[in-house]
Amino acid sequence: MIEEDAIDPVDRFLSDPELAPNIAFVRRVPAAPASWAELPERLDDGLRAALDSRGVERLYSHQRAAWDAVGAGMDIVVVTPTASGKTLCYNLPVAQALIDDPEARALYLFPTKALSQDQQAELNALVLGGDLPIKAATYDGDTPQSTRKAARDSGRIVISNPDMLHSGILPNHAKWIRFFAGLRYIVVDEMHAYRGVFGSHVANVFRRLLRVAAYYGASPRFILCSATIGNPAELATALIGRPVVAITDNGAPRAPKAVVFYNPPLVDPVQGIRRSSADESMSLAAKLLASGTRTILFARSRLRVEILASYLNKRFENVYNDNNRIRVEPYRSGLLPNERRQIERGLRDGSIHGVVSTNALELGIDIGGLDAAVIAGWPGNLASFWQQAGRAGRRSGASMAVYVASSSPVDQYMIEHPERCFGSAAENARIDPDNPYIYADHVKCAAFELPFAKEERFGSDPGAVLSFLEEEGTVRLAAGRYYWSDSGYPAEKISLRSATADNVVIIDTTAGRNEVLGEMDRPSAKELVFDDAVYIHRGRQFIVLKLDIENRQCLVEERETNYYTDAVVKTDIKVLSEDERLGSAALPIVLGDLLVRSSAEKFKKLRFHTNENIGYGEIYLPPEEMQTRAIALLFPEGGAAGSALAAMGDGERAAALSAFCGILRALSPVELLCDKGDIGATWRLRDDHYAVPAVYVWDRYPGGTGLAEALSSSLVPVLEAASGRIAACDCDDGCPSCVGLADDALQATGRRKSGGLALVRLALEALDGSSRSGR
């Protein structure tokens with residue numbers, strides 16, 4: 001797709017008679033001119049030359065605003081869309097500071113190693129373009145041991161990620177004395193990625209970073225950059241622990257883009273079942289690729305990415321013309337570093353024409369000029385939606401983003417309310433740095449790095465945690481300071497991104513190879529690479545011979561199969577505490593701690609293309625347990641909702657609670673900045689603890705990350721959206737687009753949809769004025 005006729009493929013797509021009936025909404029986002037500002041007068045001549053070599057004669061207004069604010073000694077967060085030139089917002093002031101002071105240093109942090117490699121190339125171009133006296137070095141898990149010392153000793157700008165800072169740099173700060181003593185700036189790109197569990201960990205890593213920097217006499221300033229979210233200044237302040245100035249006016253030009261909402265056709269109007277969004281997305285991507293449009297397809301899981309990439313390559317398979325000269329690759333977590341770099345390079349140089357990705361390519365990795373983005377299912381929040389849509393048209397002119405809805409309630413809600421993507425404010429990002437599990441882990445890490453003075457602050461007061469650690473023998477108190485006294489170092493056992501630091505290595509044993517294919521966190525491994533599972537890696541199929549949880553390895557063998565596997569997970573819960581009662585007497589809402597036990601007990605074998613279930617297998621693995629935060633919605637007979645349930649038979653009551661629970665879990669992510677997978681939910685006909693019908697929603701991370709608390713204050717808008725979604729659905733008695741399909745036990749029960757809708761409306765009526773004012 002080339003710029004001068006880039007709109008033609010868009011028009012062809014929109015007028016295609018096969019597609020046009022399913023196009024629910026089109027918004028053409030017009031081009032917008034740039035808002036310019038002059039280069040700063042005190043800009044170094046070398047930097048001017050570097051900019052000139054790249055054709056930059058002026059700055060965008062937000063780039064100049066960032067320069068001025070940083071020059072005034074402020075911590076800042078820059079919030080502008082994808083491909084708006086945020087990189088210069090930090091590269092210019094940092095490079096100027098390093099030129100002015102030969103001892104000054106800067107730390108650049110990116111959420112992924114791929115972004116770090118991107119920035120290394122960007123900085124190299126800037127340095128070479130102006131012959132600048134600045135050495136930039138990448139220091140992450142892929143950096144060879146032979147070059148790490150040079151990065152520590154001579155790197156003026158060290159490019160890394162929070163994981164390496166947490167486990168490799170801070171515990172070894174004595175090797176970084178010169179760097180920390182000269183640390184002037186900390187750059188945090190893709191700040192919106194630091195939300196939920198990951199963000200809560202990273203906020204504590206920043207507390208440790210500032211503590212170590214202060215020990216060496218440094219007081220660095222922060223420059224943060226983010227995609228559009230609802231509360232950038234609030235999130236930045238929570239991350240770094242001090243106020244920031246938000247720069248939100250975008251001065252970059254905008255190329256025209258067509259945003260298309262596509263609703264797959266109904267295949268069963270009675271049950272409201274639509275054609276699979278994954279299959280439909282694959283077909284749309286194939287059409288675009290066949291027309292010469294370079295395309296990225298975003299899928300929702302690692303398994304789905306592999307399946308769709310293999311389907312696309314199969315679609316274009318032809319031995320006579322090199323597969324129609326179209327090459328498609330999968331991109332996901334778990335790939336080896338050299339595989340990721342190979343795919344990124346192929347996208348940049350054009351040898352790879354299409355890519356199927358998880359949200360791993362949602363962030364600002366330079367993958368060249370793609371012309372279309374196909375988004376299979378709602379990505380969870382507006383920030384992710386616009387990041388994924390923004391992957392198309394980064395370098396070219398007109399582009400297109402196609403959102404393909406699934407049958408799920410949240411997707412159908414977005415199809416009915418496309419204005420949420422254009423007229424609504426972006427969702428707020430939430431973190432909870434003082435989550436007791438996360439906070440205690442980082443107090444341990446901080447105590448290992450430097451002794452804690454008895455009255456020292458660390459975000460909040462670490463005294464209680466330190467006293468507990470002293471009782472355990474992990475630290476000892478001497479002369480008013482807590483010293484680390486345990487063996488090993490704690491950071492190696494703490495993962496920033498998941499509930500466990502344990503990763504399972506996947507090893508290909510075919511014909512005695514014993515080659516590492518990739519890795520996966522332990523909880524995911526139990527659900528994806530159990531014994532006899534099908535593991536797909538870049539289109540190749542493997543059978544799992546043995547998952548050895550104890551030794552953290554999974555042995556696989558390459559085999560061709562006509563099916564893939566999907567685990568069936570069973571969940572049990574137990575109430576541990578009741579901390580707060582909200583809602584009303586008619587609908588009590590209890591916030592407290594919950595023990596959640598989940599186990600994969602069997603798996604389905606699903607045929608490729610048709611998804612036909614062709615058999616089951618057993619899984620013999622120990623369950624995963626966690627203590628987390630949850631809300632329980634109770635339906636006592638004294639309330640209208642409880643009385644309505646009591647008047648139903650057991651079957652109808654179960655159907656109504658199932659429908660209520662399903663729509664609540666499906667639509668909660670619309671109000672919370674989270675994925676559906678970040679929360680769990682279940683219902684009880686008569687709860688063991690409360691002795692009344694109940695619906696539970698919990699945070700799927702040990703200790704919780706604030707999602708349960710946030711939902712307790714957002715129930716009214718969630719239930720209002722649920723009421724509207726069910727009422728607007730034209731199915732007979734429940735479908736995937738509203739309350740979901742009934743499971744086997746409830747198939748014969750009628751009034752599931754009407755019972756669910758009645759329960760939602762009665763719950764809304766029951767919420768008192770205080771709940772409504774807390775919206």
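Is A511 buried or exposed? In this predicted model, A511 is exposed, because its relative accessible area is 80%, and the cut-off for exposed is over 50%. The residue is found in the loop between β22 (503–508) and β23 (515–521). Most residues other than glycine have a negative phi.

A positive phi also occurs at N611, where the value is near 60°. N611 belongs to the loop that links β29 (588–607) to β30 (613–618). Its relative accessibility is 31%, so N611 counts as partly exposed.

The overall dimensions come next. The protein chain has 775 residues and a radius of gyration of 27 Å. A compact globule with that number of residues would have a value near 28 Å, so the two agree. Along the principal axes, the C-alpha atoms fill a box of roughly 80 × 75 × 60 Å. Of the 775 residues, 57% are buried.

The secondary structure comprises 25 helices and 33 strands. The chain is divided into five domains: domain 1 (3–30 + 263–422), domain 2 (36–247), domain 3 (436–493), domain 4 (503–561) and domain 5 (579–596 + 628–774). Domain 1 and domain 5 are each given as two segments. Between the C-alpha centres of domain 4 and domain 5 the distance is 38 Å.

Contacts between residues at least 6 apart in sequence were also examined. Of these, 70% join residues at least 24 apart. A640 and E765 are 125 residues apart along the chain, and their C-alpha atoms are separated by 8.7 Å. A640 lies in helix α20 (residues 640–646). With 46% relative accessibility, A640 counts as partly exposed. The other pair is N551 and V505, 46 residues apart in sequence. Their C-alpha atoms are 9.4 Å apart in space. N551 sits in the loop between β25 (540–548) and β26 (553–558). N551 counts as exposed because its relative accessibility is 52%, against a cut-off of over 50%.

Charged side chains complete the description. There are 85 positive and 100 negative side chains in the protein chain. The centres of the two sets lie 2 Å apart.

Note on methods:
Residues are numbered from 1 along each chain as its sequence is written. Side-chain values use heavy atoms; hydrogens and water are left out. Domain bounds come from an automatic or database domain assignment. Helices (H or I, at least four residues) and strands (E, at least two) are DSSP runs, numbered from the N terminus. The radius of gyration is taken over C-alpha atoms; the globule rule is 2.2 Å times the number of residues to the power 0.38. Buried means under 20% relative accessible area, exposed over 50%, partly exposed in between (1.4 Å probe, protein chains only). Contact means heavy atoms within 4.5 Å. Lys and Arg count as positive and Asp and Glu as negative; His and the chain ends are not counted. The place of a charge is taken as NZ of Lys, CZ of Arg, CG of Asp or CD of Glu.
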